Amino acid sequence: MASLYITSTAPAAGKTAIAIGLGRWLQSKNKKVGYFKPVSAAARPGAADPDAEFAREALGLQEPATALSAVSAQGLGKDAAEQIRMAYAAVSKGRDVTVVEGLSEASVASAEVARLVGAKVVLVVRYSADLTAEQVASAAAYFKGSLLGVVLNAVPVSRVSPVHDNLAA
């Protein structure tokens with residue numbers, strides 16, 4: 001069983017869209033796909049995460065949305081790592097691939113969550129005019145050894161070639 005951890009450098013970078021897109025593509029290749037969001041943004045512990053609800057519907061998953069996340073960002077405690085491991089084991093059982101929608105930050109904490117679930121990492125970076133290759137490399141460094149790639153999201157069509165040339169240099 002494989003696990004893909006989708007993380008980003010900031011909120012609203014497109015993690016959910018990338019996660020669902022990858023999940024649906026994998027399903028089109030006849031893979032049994034699961035979804036997991038280790039740290040929920042739900043308003044209160046025990047409530048369903050809005051992204052998990054969307055993923056459940058978009059991927060046609062049978063589990064209740066509340067089962068697709070482990071801990072609430074408001075309720076992080078010392079046993080969070082064990083809760084994440086246990087919840088991940090439950091949602092990934094019988095799946096070929098589990099898409100894990102991670103934290104909205106490239107950080108030690110995000111890298112630790114990816115390690116807890118044994119995932120390879122896809123880093124989503126939202127385009128901005130002042131984005132540099134050094135910033136992308138700095139964010140990617142947290143995931144050394146497990147980084148599959150970087151998705152530069154929301155690049156205006158008129159900027160695709162210059163951005164490519166800048167980041168490839």
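How many bridges join strand 2 to strand 4, and in which sense do the two run? Select strand 2 (residues 33-40) together with strand 4 (residues 97-101) and you will find 4 bridges, with the two strands running parallel.

Before going further, a word on what is on your screen: this is a predicted model, in which local features need pLDDT of at least 70 and side-chain atom pairs count only at pLDDT 80 or more, while totals for chains, interfaces and linings use all residues. Residues are numbered from 1 along each chain as its sequence is written, and side-chain values use heavy atoms, with hydrogens and water left out. Helices (H or I, at least four residues) and strands (E, at least two) are DSSP runs, numbered from the N terminus.

**Stop 1**

The open sheet has 6 strands in the order 3-2-4-1-5-6, with parallel pairing; two strands count as paired if DSSP finds at least two bridges between them. Strand 3 and strand 6 (147-153) are the edge strands, each with a single partner strand, so one side of each has no neighbour in the sheet. On average, neighbouring strands here are turned by 20° against each other, direction ignored. As a reminder, strands of a sheet pair through backbone hydrogen bonds, either parallel or antiparallel.

**Stop 2**

Return to strand 2, where 8 of 8 residues are buried (buried is under 20% relative accessible area, exposed over 50%, partly exposed in between, with a 1.4 Å probe and protein chains only). Pick Y35 and look across to strand 4, where V99 is its bridge partner. F36 has its bridge partner in strand 4 too, namely V100. On the side of strand 3 (residues 69-72), the pairing with strand 2 is parallel over 3 bridges. Select K37 there: its bridge partner in strand 3 is S69.

**Stop 1: strand 4**

Colour strand 4 by burial next. Its residues are buried, 5 of the 5, so this strand is largely enclosed by the rest of the structure. Strand 1 (2-8) is joined to strand 4 by 5 bridges and runs parallel to it.

**Stop 2: strands 5 and 6**

Move along to strand 5 (residues 120-126), which 6 bridges join to strand 6 in a parallel run. V125 stands opposite L152 of strand 6. Helix 5 (residues 133-140) packs on the sheet here, touching strand 5 and strand 6, and its direction makes about 150° with that of strand 5.

G149 counts as partly exposed, at 23% relative accessibility. Draw a C-alpha to C-alpha distance from G149 to V124: it is 8.8 Å, for residues 25 apart in sequence.

**Stop 3: helix 1 and helix 2**

Select helix 1 (residues 15-28) and helix 2 (residues 50-59), whose axes come within 10 Å and cross at roughly 20°. Axes are lines fitted to C-alpha atoms, for helices over the stretch in contact, and angles run from 0 to 180 degrees between N-to-C directions. The two helices are therefore roughly parallel to each other (angles under 35 degrees count as roughly parallel). Show T16, I20, G23, R24 and Q27 of helix 1 with D51, F54, A55, A58 and L59 of helix 2: these residues make the contact. Helix 1 also lies across strand 1, strand 2, strand 4, strand 5 and strand 6, at about 155° to strand 1.

**Stop 4: helix 4**

In helix 4 (residues 108-116), highlight the buried residues S110, A111, V113, A114 and L116. They pack against strand 1, strand 2, helix 3 (80-92) and strand 5. After helix 4 comes G118, with a positive phi near 65°.

**Last stop: two loop alanines**

Finish with A12, in the loop between strand 1 and helix 1. Its phi is positive, near 65°, in a residue other than glycine, and A12 is exposed at 66% relative accessible area. A154, in the loop between strand 6 and helix 6 (160-168), has a positive phi of about 65° although it is not a glycine. A154 is partly exposed, with a relative accessible area of 38%.

Terms used
Parallel < 35°, antiparallel > 145°, perpendicular 65-115°, else oblique. Contact = heavy atoms within 4.5 Å.
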